[in-house]
Amino acid sequence: MTELVWHAGTDEQQQHVVPVDALVGVLGSERLRELSGDVFLALLREQEALLEMAATADANAARKWWLVSQVVMAVVERLGPRVLARHADILAFILNILDRHGSDTKGSSTAPESVSEASLEELMQSLRTEAEEHGNSDIGGEGQANGDIGSESNHGVGGTEMVVLALMLLGQIMSASEAAAFAGMQPEATPDMPKVEWDGPSLQLLRRILDVIGRVGHDSTPMIAQLCMVTRRQVSLVLALHAGVGPSSSSGDSSEEDAELRRFNAALRDVRDTLVPVQAHGIIELRNMVLAKSRVVFESTERLDAVTSVFVEHVSDSDSFVYLNAIRALAALADAHGRVFVPRLVSLYEACAETDERLRMGEALVQCVERAGAMLGEYAHHVVPALVSVVQQTHDEPVVLFSAVSILAAAARTSPVALHRWLDEIAPTLAGVLLVAEARTDDAWVAVRRACAVFWADLCTGYGDRLLELCDTNMLRDVYKTLKNLEAADPDEIVRLQAQSGIALIDATVRGQLMSNYLP
C-alpha cells in the first residue's frame, strides 16, 4: 500500500500519514463516481493555493504542496478521464497556471535552464519521480525546512511541476475528446467511451490556452517546450473537430459540405491510427482536400491549423512512406495557400533544431519554390533573405549549407528575376561558402561546391541576354573569376562542368553585347 509520511518538525512521534491507495480507491468507487470530479477539482484548487503560499517562503506550505501534488498525480494516473468530468473548470485552472508561468518566464532576465531531452513518459512522470527518490523518508525535518524546501520556495517552488501537471491534464482532456469524436464515426466503438461536451465558453477557453501554450513553449526549458509542442497539436486537432461549417447557399451545398466534413474528420482519425499505411492514407486525403481548396479546410482557422500541425508533425516521422507524403502535403499547402503559408514554411525551416528535420522542411520548400513559377516574386521577400541568413549563420554543417544553396538554385532556375534585389548579398555569401568548401574533400562539402556552381549556372541561363543589364559589372566580374577558379582547380568533374557552363554563358552574353555595340 502506497503511503506518504510527513514528519512535522523535528519530532519523529508527530507524523501525518497520507494513504494514497485508500484515497484513490474511495474516489474510484461507484458510490462516489458523480462526486469524484468535484473532489479532484478541490484538490487542484488546494494545490494552487498552497503554491502561492509556498512562493512567500512558507516552508510548511511547500511541504503540504508536495504532498497534495503526489496525491493529484496518483489520482490522475489511476482514475484517468473519470475525474476530469468538470473539464471547463479544469481548463480554467490550466489556463491560469500556464498564463502565470508564461508571464513569470517572460519577465525573467535569465535564460531558461538547459535540460537533457527526455521521453514523454519521463516528462509526464516528473512529479512522481521525486516521490520515488524520497520514498517514506522524513520530508519535514528541521534541516529540510530550512534547507532544500526553503531554497526552492524562494525560487518559486513547484513552478515547473505545476506546468507539467497542467499540460498532462490538458493532454488527458484532449485525448478523451479526440477518442469520443472519433468513436462517433465507428459503430463498433464501446459505449463507455469517455465523452467531453464542448460549448462556446469551453472552446473559447481552449483557444486562449492554445495562444498561451505557444508563449510558454517558446520561453521555457526544452522539457516544457517538448510537452507544449505535443499538447498544442492535440488542442489544434480538437478545435478542428469541433469547428463549425460556414454558411452555404443551398441545401445541395450544405449536404456537400457535410460530406466533406465527414471526409475531413475521417482523415484526421486515420492520421492518428497506429498502422503506417493508414496514417499515410490520412495525410494523402488531407493533401487532396488542400489541393482541391476545400471550403471545409480553408474557411476554418482551426481546421487549417490542425492540417498544418499534422503535416509538420509527420515530417519528423521515422517511416519514409509517412514523411515523404507529409513533405508533399506541406508543398501542396504552400501551393494552395501561398501568401499565408509560405512565410510559415520558411519560419519552420529556419527554426528546425534537428538537421534531419530541416532537410525535410527544405525539400518541401524546394517543391514550393519550383511550383510557384513566375509567382515566386510574391514570396521572394520571405524566402530569399531567410535562406541567405541560414547560409551566413552555418559554418560547419555542409548538409544544411547544401540544402539552403540548393533552394536558392531552384529559385534561380524557376524565377531568376525574383532574386535580382538580393544578388549583392548572395554573391559574397556564396563566395565565402566556396572559400570554406574548397579546402574540404569529403562528399558533403563537394555537394556544397556543386550547389554553388549550379546556382550561378542556372542564374546566368535564366537571365540570358539581360545578364549585363540585371547584374552589377563588378559583381559579375567576381563571379566570373570564381567560376574560372572552379573550372581550373576543382577536383570534382561535376563542379568543373557547371562552372564551364556558367563561364560560357557569361562569355556569350558579353560577346553579343560587344557585337551589338560596335558592329553595324
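This report walks through salt bridges, a helix pair and a surface patch in a predicted model.

## About the model

Residues are numbered from 1 along each chain as its sequence is written, and side-chain values use heavy atoms, with hydrogens and water left out. As the model is predicted, local features need pLDDT of at least 70 and side-chain atom pairs count only at pLDDT 80 or more, while totals for chains, interfaces and linings use all residues.

## Salt bridges

Side chains of opposite charge can pair when their charged atoms come close. Here a salt bridge is a side-chain nitrogen of Lys or Arg within 4 Å of a carboxyl oxygen of Asp or Glu, and the count comes to 13 salt bridges.

One of them joins Glu302 and Arg207, at 2.7 Å from N to O. This pair links distant parts of the chain: Glu302 belongs to helix 15 (residues 301-315) and Arg207 to helix 10 (residues 200-219), 95 residues apart. Helices are DSSP runs (H or I, at least four residues), numbered from the N terminus. Glu302 counts as buried, at 19% relative accessibility, whereas Arg207 is partly exposed, at 29%. In these terms, buried means under 20% relative accessible area, exposed over 50%, and partly exposed in between (1.4 Å probe, protein chains only).

Arg263 itself is partly exposed, with a relative accessible area of 28%.

Arg269 forms a salt bridge with Asp270, at 3.6 Å from N to O. Arg269 counts as partly exposed at 23%, and Asp270 as buried at 12%.

## Two crossing helices

Helix 19 (residues 380-393) and helix 20 (residues 398-414) have axes that come within 9 Å and cross at roughly 150°. That makes helix 19 roughly antiparallel to helix 20 (an angle over 145 degrees). The axes are lines fitted to C-alpha atoms over the stretch in contact, with angles from 0 to 180 degrees between N-to-C directions.

## A nonpolar patch

Leu468, Val510 and Leu514 make a nonpolar surface patch of about 210 Å². Patch residues have over 30% relative accessible area and no salt bridge, and nonpolar side chains (Val, Leu, Ile, Met, Phe, Trp, Tyr) are joined within 5 Å. Accessible areas come from the Shrake-Rupley method with a 1.4 Å probe. Leu468 lies in helix 23 (residues 467-470) and is partly exposed, at 32%.

Technical notes. Patches are made of residues with over 30% relative accessible area and no salt bridge: like charges are joined within 9 Å, nonpolar side chains (Val, Leu, Ile, Met, Phe, Trp, Tyr) within 5 Å. Angles under 35 degrees count as roughly parallel, over 145 as roughly antiparallel, 65 to 115 as roughly perpendicular and the rest as oblique.
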